[in-house]
Amino acid sequence: MTQSDCIDIHVDTQYLQDHSDPQAGRYAFAYTIFITNKGPKTVKLLNRHWQITDDNNQVEEVRGPGVVGQQPVIDPGQSFHYTSGAVLRTETGTMQGSYEMQAADGKLFEAAIPPFLLAPPHTVH
């Protein structure tokens with residue numbers, strides 16, 4: 001099992017109707033990411049990379065250090081979660097990406113963030 005296989009990532013999303021303005025092409029979403037370290041080594045989240053794609057196939061790339069101003073250290077068997085947001089120009093879209101992680105032994109690895117849907121509840125069947 002590779003180090004990246006030891007990182008479990010789960011996402012919950014929420015449409016933010018009060019922060020959206022469909023007539024202006026503004027659809028706001030919150031997403032909560034749960035990162036669980038199922039491996040034997042402590043890891044640190046160093047950087048994030050997102051690909052945010054709207055229904056017009058417009059892709060926004062986001063790269064930067066940490067998440068929500070933190071570079072969390074996650075011990076074996078522990079989890080870290082945070083909530084952030086995204087704004088789309090279309091009613092639905094997707095997000096996916098990766099976290100650059102560092103194991104306690106100094107080795108760097110990528111933990112994939114599987115694609116997830118951003119959509120108001122009425123569009124999901």
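How far apart are the mean positions of the positive and negative charges of the protein chain? In this predicted model, the 8 positive and the 14 negative charges of the protein chain have mean positions that lie 8 Å apart.

## Overall make-up

The protein chain contains eight strands and zero helices, and, read along the sequence, its pattern is β-β-β-β-β-β-β-β. Taken along the principal axes, the C-alpha atoms occupy a box of roughly 50 × 25 × 25 Å.

Of the 125 residues in the protein chain, 41% count as buried, while the accessible surface of the chain amounts to about 7,200 Å², with 46% of that area belonging to carbon and sulfur atoms.

## The three-stranded sheet

Three strands make up an open sheet, in the order S1-S2-S6, and their pairing is antiparallel. The edges are formed by strand S1, which covers 7-15, and strand S6, which covers 79-88, each of them pairing on one side only. From one strand to the next, the twist averages 20 degrees. As a general point, strands of a sheet pair through backbone hydrogen bonds, in either a parallel or an antiparallel manner.

Strand S1 is joined by nine bridges to strand S2, which spans residues 27-37 and runs antiparallel to S1. Within this pairing, the partner of Tyr-15 is Phe-29 in S2. Between S1 and S2 comes a loop that holds Asp-18, and Asp-18 counts as exposed because its relative accessibility is 75%, where the cut-off for exposed is over 50%. The C-alpha atoms of Asp-18 and Gln-96 are separated by 25 Å, these two residues being 78 positions apart along the chain.

Strand S3 (43-54) and strand S4 (59-65) run antiparallel and are joined by seven bridges, with Gln-51 standing opposite Glu-61 in S4. These two strands form a hairpin with four residues between them, in which Asn-57 takes a positive phi near 60 degrees.

Strand S7 (residues 93-103) and strand S8 (residues 108-118) also run antiparallel, and nine bridges join them; here Glu-100 has Glu-110 in S8 as its bridge partner. The S7 and S8 hairpin has four residues between its strands, and Gly-106 in the turn has a positive phi of about 95 degrees.

Asn-57 belongs to the loop between S3 and S4, and it counts as exposed because its relative accessible area is 63%.

Val-68, which is not a glycine either, has a positive phi of about 40 degrees. Its place is in the loop between S4 and strand S5, the latter covering 73-74. Val-68 counts as partly exposed because its relative accessible area is 43%, a value that falls between the cut-offs of 20% and 50%.

Is Ala-86 buried or exposed? Ala-86, which is placed in strand S6, is buried, because its relative accessible area is 9% and buried means under 20%. Leaving aside residues up to four places away in sequence, Ala-86 touches Tyr-27, Ala-28, Phe-29, Tyr-31, Met-95 and Leu-118. Ala-86 and Asp-75, although 11 residues apart in sequence, are 28 Å apart in space from C-alpha to C-alpha.

Leu-118 lies in strand S8 and counts as buried because its relative accessibility is 0%. With residues up to four places away in sequence again left out, the contacts of Leu-118 include Thr-13, Phe-29, Ala-86, Leu-88 and Met-95, and Glu-91, Thr-92 and Gly-93 are also among them. Between Leu-118 and Ala-24, which are 94 residues apart in sequence, the C-alpha to C-alpha separation is 18 Å.

Note on methods. Residues are numbered from 1 along each chain as its sequence is written. This is a predicted model: local features need pLDDT of at least 70, side-chain atom pairs count only at pLDDT 80 or more; totals for chains, interfaces and linings use all residues. Side-chain values use heavy atoms; hydrogens and water are left out. Two strands pair if DSSP finds at least two bridges between them. Axes are lines fitted to C-alpha atoms, for helices over the stretch in contact, and angles run from 0 to 180 degrees between N-to-C directions. Buried means under 20% relative accessible area, exposed over 50%, partly exposed in between (1.4 Å probe, protein chains only). Accessible areas come from the Shrake-Rupley method with a 1.4 Å probe; for residues, only the protein chains shown count as cover. Lys and Arg count as positive and Asp and Glu as negative; His and the chain ends are not counted. The place of a charge is taken as NZ of Lys, CZ of Arg, CG of Asp or CD of Glu. Contact means heavy atoms within 4.5 Å.
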